[in-house]
Amino acid sequence: MSKPTELVQGTLDLLILKTLALEPMHGWAIAQRIHQVSADVLQVGQGALYPALHKLEQQGWIEAEWKATPNNRRAKFYSLTRRGQKKLEMETTNWERLSGAISQVVRLTEA
């Protein structure tokens with residue numbers, strides 16, 4: 001059986017886009033925000049996060065800019081593009097439909 005921290009395939013993009021819709025942030029902060037908002041259930045490792053960020057940047061859904069962190073370290077800050085906002089809206093709709101359907105099946109099998 002899978003661990004609860006393993007993400008359903010394709011959900012990491014949605015989580016990153018949603019997180020960046022709040023404000024631009026660097027990779028480590030994105031992972032921390034997802035972990036925090038999920039009540040410590042979801043953990044995004046660097047091995048999954050940075051390839052996903054690179055892919056989203058290549059798609060034109062996010063853009064990156066080098067800036068200094070509050071600790072005075074140089075980091076790549078990512079932000080949502082206009083295309084990324086449209087993608088987020090579409091993916092949110094798809095996720096709500098999919099998760100609702102899964103919930104219906106789970107409830108059906110409990111009865």
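Tutor: Helices (H or I, at least four residues) and strands (E, at least two) are taken as DSSP runs and numbered from the N terminus. On that basis the protein chain has four helices and three strands, which follow the pattern α-β-α-α-β-β-α along the sequence. The model is predicted, so that local features need pLDDT of at least 70 and side-chain atom pairs count only at pLDDT 80 or more, while totals for chains, interfaces and linings use all residues. Residues are numbered from 1 along each chain as its sequence is written, and side-chain values use heavy atoms, with hydrogens and water left out.

The part to examine is the packing of helix H1 (residues 11-22) against helix H3 (residues 46-59), whose axes, lines fitted to C-alpha atoms over the stretch in contact, lie 10 Å apart at an angle of about 75°, the angle running from 0 to 180 degrees between N-to-C directions. The two helices H1 and H3 are therefore roughly perpendicular to each other, a term that covers 65 to 115 degrees. With contact meaning heavy atoms within 4.5 Å, H1 contributes Leu12, Asp13, Ile16 and Leu17, and H3 contributes Ala48, Leu49, Ala52, Leu53, Lys55 and Leu56. By class, this contact of H1 with H3 has eight nonpolar, no polar and two charged residues, where Ala, Val, Leu, Ile, Met, Phe, Trp, Tyr, Cys and Pro count as nonpolar, Asp, Glu, Lys and Arg as charged, and the others, Gly among them, as polar.

For the chain as a whole, residues 24 or more positions apart account for 48% of the contacts with a separation of 6 or more.

Notes: Angles under 35 degrees count as roughly parallel, over 145 as roughly antiparallel, 65 to 115 as roughly perpendicular and the rest as oblique.
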